Amino acid sequence: MSTVKIDPANIEDASVLTAVQKKVFDAEREKWFKNQTGIIDYNIQPPGYDSIEMNTYMIRELDYYKVFYEDTIVGGLIVTVAGKRHGRIDRIFIDPLYQGRGIGSQVLKIMEGNYSHVVSWELETSSLQLSNHTFYENLGFQKIFESHDEYCYEKKMNVEKGPTVIQRAVTIVDSSLKDVDLADTHVEHCSMEKTEFYGINGSFSTFSNSRMMGVQFSNCNLTESRFQNINFQRALLADLNLSHSEIAHVALGGVHIHDTHLGDAGEPLRFERCDLKESKFQNCNLKNVDISDCDTSGMMIDGILVKDLLEAYTQRMKK
């Protein structure tokens, strides 16, 4: 059998892995949609798959592996392990030239061995990719959800009993837990709707694969917290200290940012590789703002086209 192995990816691998992803997912799009335009399927073409910056982010923040086949990088594996028990396969991709050789199945077996403490793995794939469905089912994954657009799969592993686990708990009515040490307890598949947590030390806890619509966090210390792969539509973020935080690879369509400031230290913001088309800045302090290497076509300041302002400046400097 040919040698297949996985090693942690480095930032220096970003360009190579981006090129492989682009080759893989562009081929998938061509396979399923051919010349059709305007179709979006994020399982067939994941967000940022062709972006070196996105791959750099994932290498830095997630468990990202490069896949070797006889010492040649032929693909990648990206996983997220939430807490101590559950894992998510974010992406697995193999160069089309090397598909059909059993590389993908070997990669997942290696992954399972490397994360022997994980009790379940989950993933999503497009409803169109029937070959993917067969691939995962042959490896022991079971379908747990399906819609018109995607299928969700889960594989439960045989792992020795670990920390206390609360599963499918009976609803507690008009009762409370007080002064109880629940450290290292795992709560799974439980209904906790409208539960109230007050005065809790939840440092370094994890919430994953959970429905938390309408949850409210107030007067909480969330220093060093991470929010990744989260649906924040119509959320309210207000009265927050976000100093030194990083906001990256975020969809901001329709977001309204107002009444903000730069904190006590007055440290400036940075916008890089952002699409701010048709955005508006009103009644803002833009003193000493630096705009460079940007497409400013149609941009206006106080009703005057920036293009006209720059041309007027150029003409004046020639005199």
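**Ring pairs and strands in a predicted model**

Reader: In this predicted model, how many bridges join strand β6 (residues 142-146) to strand β7 (residues 150-156), and how many residues lie between the two strands?

Author: Strands β6 and β7 run antiparallel and are joined by four bridges. Within this pairing, phenylalanine 145 stands opposite cysteine 152 in β7. The two strands form a hairpin, and the number of residues between them is three.

Reader: How many aromatic pairs does a search of the whole structure find, and is the pair of tyrosine 69 and tyrosine 98 stacked or edge-to-face?

Author: The search of the whole structure finds nine aromatic pairs. For tyrosine 69 and tyrosine 98, the ring centres are 5.7 Å apart and the planes stand at 65°. Because planes over 60 degrees apart count as edge-to-face, this pair of tyrosines is edge-to-face.

Reader: Where in the chain are tyrosine 69 and tyrosine 98, and how many residues apart are they?

Author: Tyrosine 69 belongs to strand β2 (residues 63-69), whereas tyrosine 98 lies in the loop between β4 (86-94) and α3 (103-114).

Reader: Is serine 120 buried or exposed, and which side chain does its own side chain join in a polar contact of 2.6 Å?

Author: Serine 120 is found in strand β5 (residues 120-126), and at 4% relative accessibility it counts as buried. Leaving aside neighbours within four places in sequence, serine 120 is in contact with several residues, including Arg85, Gly87 and Glu154. The polar contact of 2.6 Å joins its side chain to that of histidine 86.

Reader: Which elements do the buried residues of helix α2 (residues 52-61) pack against?

Author: The buried residues of α2 are Met54, Asn55, Tyr57, Met58 and Ile59. At the start of this helix, a side-chain oxygen of serine 51 reaches to within 3.2 Å of the backbone nitrogen of glutamate 53. The elements that the buried residues of α2 pack against are α1 (14-33), β2, β3 (72-82) and β4.

Methods:
Residues are numbered from 1 along each chain as its sequence is written. This is a predicted model: local features need pLDDT of at least 70, side-chain atom pairs count only at pLDDT 80 or more; totals for chains, interfaces and linings use all residues. Side-chain values use heavy atoms; hydrogens and water are left out. Rings of Phe, Tyr and Trp (its six-membered ring) pair if their centres lie within 6.5 Å; planes under 30 degrees apart count as stacked, over 60 as edge-to-face and the rest as tilted. Two strands pair if DSSP finds at least two bridges between them. Buried means under 20% relative accessible area, exposed over 50%, partly exposed in between (1.4 Å probe, protein chains only). Contact means heavy atoms within 4.5 Å. A polar contact is a pair of N or O atoms within 3.5 Å; within protein, one must be able to donate a hydrogen and the other to accept it, and residues adjacent in sequence count only if both atoms are side-chain atoms.
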